[in-house]
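Here is a short briefing to read alongside the structure. Take a moment to look at the model, then go through the points below.

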Amino acid sequence: MNATTQQENVLKRKTDDVGWEYGSLIDPSNLDKVKCMFCNHVSTGGIYRLKQHVAHVSNDVAKCKKSSQEAKDRCKKSLEEASKKRREKTIRELELRDSVNISRVGDEEVNVAGRSEPHKLGPLDKWTRPIDPKLTQAEALHQQKINKELWKKRTHEVQQYVARWMYNHAIPFNACDNDDFKLMCEAIGRFGPGFEPPSKHDLRETLLSQEHARVKSLLQERDAEKMKNGCSIMTDAWSDRKRRSIMNLCTNCADGSSFIKSKEMSAVSHTSEVIFQLVDEGIEEIGPEHVVQVVTDNASNNMGAKKILLEKRPNMFWSSCATHTINLMLQGIGNLPRFTKVLDKAKAFTIFVYGHTRTLDCMRHFSSGKEIIRPGVTRFASAYLTLESLLDKKDQLRKMVVDGRWDSLREVKSKNGKAATATIMSMPFWKDVKLCLNVFEPLVKVLRLVDGDVKPSMGFVYGEIVKAKKEIKEVYGNVASRYKDVIDVVEKKMKDRLDSPLHLAAYLLNPYYSYADTNIFDDGTITEGFISCVETFYHGDDSKQDQAVNVELRKFQNREGSFAKKLTRTCQNFEYNAASWWKLYGNEVPTLQRMAMRILSLTSGASACERNWSTFENIHTKKRNRLTTERLNDLSFIQFNSRMMAKKQMIKEKKIADVLFSTETTEAQGFLFEGGDECAVVIYRDEDEEEIDNTVPMEVDEQLEPRRSARLRQLYEAEEFDSEEKEFDDEEEKHPDDEDDY
């Protein structure tokens with residue numbers, strides 16, 4: 001790479017801001033001075049001023065006389081979006097402040113800009129005074145600046161106390177990046193001097209009970225949805241740091257997932273009877289008339305519990321977790337020799353780069369500070385995301401390995417270094433990476449659908465897997481000999497898991513598929529599955545079974561009555577709500593309508609229940625491993641349900657992140673050091689291929705403590721850091737006074 005190209009790379013910042021397409025830095029150390037590529041004008045207010053200059057949107061900035069109309073439009077749009085985000089953030093913060101309700105007691109008060117209530121005066125306020133409306137403009141501005149500087153100083157002093165508390169007690173930085181923290185600060189500020197913080201007893205008793213009751217009341221809206229369209233029950237097992245076996249019970253409806261309870265099961269083996277008993281208690285608690293299905297993984301003890309449940313409740317369904325099954329598909333495909341070879345080469349390269357400080361620094365230089373390893377929620381997710389990241393940075397990496405800076409490193413001259421260089425320069429490697437991603441991508445799309453909780457997925461999972469198989473075949477040019485082993489893996493894992501009568505009926509009743517392809521009604525496998533589903537849903541009611549299968553289905557198939565309306569075509573949009581569609585257009589077929597609305601409101605996976613493991617881990621740390629099961633249950637109920645409600649709000653605001661991405665590096669260890677895959681916590685086992693001891697629900701304590709890379713710790717600001725405080729062993733240094741600390 002020549003000097004000119006290197007200089008351009010430094011001055012052209014690698015960000016998503018459109019402004020950098022039309023400007024560059026004068027000096028890499030000064031981000032304020034940016035030169036316009038059209039007229040060479042230098043803006044001294046950073047990239048924001050440059051966009052104003054190019055877009056002609058401000059009278060305070062010189063207008064570019066040479067900028068194109070496209071550049072003007074793009075910069076103007078960027079400025080408007082930034083302005084909109086600032087307004088939304090301001091409105092959000094004001095709404096948060098307004099939601100704080102603290103009783104006030106007399107004393108002097110002063111109004112502060114941006115606050116909906118008066119703020120109590122502090123000792124520094126004696127140096128400020130309200131701005132007199134009779135002052136001249138210059139005098140008023142001078143007084144305003146004085147007040148502003150004093151408030152700024154006071155804010156900084158308070159922030160120092162907050163920071164000191166976080167640093168001394170190893171509070172993760174991302175703990176302050178949420179509304180609860182802002183609400184707490186606002187409430188304390190409203191109270192004023194003399195606030196008495198809660199005691200340990202208050203936090204573990206009175207306040208804990210009150211918060212549990214508050215969260216429970218917020219879930220009442222979901223309870224109403226369960227009564228209207230039914231729900232799913234999900235269960236999974238977990239082992240805590242004291243090796244107590246705990247089983248989680250969660251529920252899911254169209255409004256999202258909720259944590260019901262956890263139960264300690266250390267004294268008993270996880271037999272089918274035990275699992276059935278726990279699930280049956282949950283069904284009774286919610287109400288049998290509101291539960292449509294139970295979702296678990298495909299473990300043999302769960303399948304045994306399924307038989308017992310269906311004997312007692314023959315009108316319910318027991319489904320295999322779609323997230324678990326699709327991960328097994330991806331895991332199986334990844335184990336095929338042609339894909340293992342590519343993954344091994346990619347891992348060898350990343351292990352070499354991240355294994356040496358200088359090679360890592362070199363890589364970060366050429367990638368503009370971006371990482372090539374992208375941790376995911378599972379080992380496969382980490383592999384897929386990292387391969388995607390490698391391909392995205394292909395050009396930068398290829399430039400890196402031919403640059404003198406890379407070649408001058410002593411580590412690069414080693415056997416592993418030469419192999420890493422050869423891998424990046426190999427065109428067949430990049431061709432294979434692209435092929436891997438093209439094969440994985442169709443199934444990854446399905447995984448994001450079933451794991452995202454954005455909408456009920458039962459009506460889409462079967463249809464999207466059919467579509468994924470078609471796309472995989474197209475990747476191989478529809479040559480059977482090339483795609484056979486991949487499709488065989490998909491079909492093997494899918495059989496008796498994602499092709500049950502419930503999945504087939506949901507596929508047929510979803511007009512997104514059946515309106516687009518009427519041949520679905522002629523498929524014997526699908527119609528047979530539909531009939532079996534009707535027999536279960538309306539078990540014992542021959543009249544309704546006959547009505548649904550022999551009368552009402554025909555009206556739906558032939559698009560008679562309301563189904564013939566032009567507006568029914570809204571179902572052609574993948575984002576539409578299938579249950580709402582049936583509510584609007586299914587009134588003439590009430591028996592089929594009720595069944596369709598309930599089935600199409602179901603989830604297809606139990607990943608929400610599995611994600612509760614991380615909630616338990618956050619709560620039940622080494623320092624808090626004396627928590628009683630009851631208190632652990634209450635804390636999990638509060639934290640899990642609060643997160644689920646916050647996630648639902650983010651989905652509504654379309655701010656949801658990729659469900660495959662993780663801020664923890666646990667499942668990415670295989671890309672950091674040899675044998676790192678053995679440190680994975682989330683392991684998908686297939687009961688068809690190996691026998692598992694049912695008495696051991698999860699891995700032992702050591703595997704709950706994933707090995708971390710010191711270098712990767714700095715990759716993501718959201719990652720928690722470990723406390724350096726002394727940690728006490730349960731038996732050796734347990735003080736009587738601390739018995740109830742938690």
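In what follows, a patch is made of residues with over 30% relative accessible area and no salt bridge, and its nonpolar side chains are joined within 5 Å. Please keep in mind that this is a predicted model.

**A nonpolar patch on the surface**
- Met184, Ile188, Phe191 and Phe195 make up a nonpolar surface patch, and their accessible area together is about 340 Å².
- One of these residues, Met184, sits in helix H5, which covers residues 179-191.
- Met184 counts as partly exposed because its relative accessibility is 40%, and partly exposed covers the range between under 20% (buried) and over 50% (exposed).

- In soluble globular proteins, nonpolar side chains tend to be buried together.
- Here the largest nonpolar core has 105 residues, and Ile333, Phe530, Phe556, Trp582 and Met595 have the most contacts inside it.
- Helix H18 (residues 427-451) supplies the largest share of this core, with 13 residues.
- Another core, of 20 residues, lies apart from it and includes Ala237, Ile260, Ile275 and Val279.
- Leaving aside residues up to four places away in sequence, Trp582 touches several residues, among them Leu509, Pro511, Phe556, Phe563 and Gln593.

**The loop around Asn587**
- Asn587 lies in the loop that links helix H25 (578-585) and helix H26 (590-599).
- With a relative accessibility of 52%, Asn587 counts as exposed.
- The side chain of Asn587 makes a polar contact with that of Gln593, at 3.1 Å.
- Ser562 is 25 residues from Asn587 in sequence, while their C-alpha atoms are 7.9 Å apart in space.

Methods
Residues numbered from 1 in each chain as written. Predicted model: local features only at pLDDT ≥ 70, side-chain atom pairs only at ≥ 80, totals over all residues. Heavy atoms only, no water. Patch = residues over 30% accessible without salt bridge, like charges linked within 9 Å, V, L, I, M, F, W, Y side chains within 5 Å. Areas by Shrake-Rupley, 256 points an atom, 1.4 Å probe, with all protein chains shown as cover. Salt bridge = Lys/Arg side-chain N within 4 Å of Asp/Glu carboxyl O. Helix = DSSP H or I, 4+ residues; strand = E, 2+ residues; numbered from the N terminus. Buried < 20%, exposed > 50% of the residue type's maximum accessible area, 1.4 Å probe, protein only. Polar contact = N/O pair within 3.5 Å; in protein donor to acceptor, adjacent residues only side chain to side chain. Core = buried A, V, L, I, M, F, W, Y, C linked by side-chain atoms within 4.5 Å. Contact = heavy atoms within 4.5 Å.
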